[in-house]
Amino acid sequence: MTTVFIAGSITIKHLDAKVRERIMNIVHQNFDVIVGDADGVDTSIQQFLLDQDYQHVTVFCTGETPRNNVGHWAVRQVKTYHSPGSRAYFTAKDLAMAEAADSGLMIWDTKSTGTLSNVIELLSRKKYSWAFVNKLKTFHAIKSVESLEQLLDYMPPPARMKADTKIGLSEKVSALRSREIQMSLLAERATASEHH
């Protein structure tokens, strides 16, 4: 069963028609949906899934009970030792979702580091995601470091600097890039040895 991690920026309160259409595709294919419990886009996604009377949903949360679970779906509590309310505390849930998902659908305001982290976490696990750039109303498939860097071009410079401070964005991208280079070198070597 395919599991899709749907998330987005807290600043986005309304799902664009294109996003709703994409979620409908997921619903029609009966994929499992995992979603967080935050205000903003998580709650909008939950509300939309509830309106479709969709059952294959799991809400991930850190802490005893989810902050939002509008459809009273199954809940997966993520244990963390970080102090409640801290960034690391909520990030634990996102990491668990990136681990559990096969792919992601991320609705991004071009600034939020949380949504960006999800894209990076999925990519580092060799999973792809579709990022919807809310301002431009466009989808971008993130399947490689190159496609991630194209997505980052939409970030305003102050937001990018903030992302470097908050999540070490540049280091994460470099680490992914060097891993991608290593993978392709290994693949080349494997191909070369087959021909000898």
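This is a predicted model: local features need pLDDT of at least 70, side-chain atom pairs count only at pLDDT 80 or more; totals for chains, interfaces and linings use all residues.
Local features require pLDDT of at least 70 and side-chain atom pairs pLDDT 80 or more, whereas totals for chains, interfaces and linings use all residues. Residues are numbered from 1 along each chain as its sequence is written, and side-chain values use heavy atoms, without hydrogens and water.

**Sheet**
- Seven strands, S4-S3-S2-S1-S5-S6-S7 in order, form an open sheet with mixed pairing (pairing requires at least two DSSP bridges between two strands; strands are DSSP E runs of at least two residues, and helices H or I runs of at least four, numbered from the N terminus).
- The edge strands are S4 (74-78) and S7 (138-142).
- S1 and S2 (residues 32-35) run parallel and are joined by 4 bridges; Phe5 has Ile34 of S2 as its bridge partner.

**Helix pair H3 and H4**
- The axes of H3 and H4 lie 10 Å apart at an angle of about 35 degrees (axes are lines fitted to C-alpha atoms over the stretch in contact, and angles run from 0 to 180 degrees between N-to-C directions).
- Contact (heavy atoms within 4.5 Å) involves Arg87, Asp94, Leu95 and Ala98 of H3 and Thr113, Gly114, Asn118, Glu121 and Leu122 of H4.

**Nonpolar cores**
- The largest core has 31 residues, among which Phe5, Leu116, Leu148, Met155 and Leu169 touch the most other members (a core joins buried Ala, Val, Leu, Ile, Met, Phe, Trp, Tyr and Cys residues through side-chain atoms within 4.5 Å; buried means under 20% relative accessible area with a 1.4 Å probe, protein chains only).
- H4 supplies the largest share of this core, 5 residues.
- A second, separate core of 22 residues includes Val4, Ile23, Ile26 and Val33.

Conventions
Buried means under 20% relative accessible area, exposed over 50%, partly exposed in between (1.4 Å probe, protein chains only).
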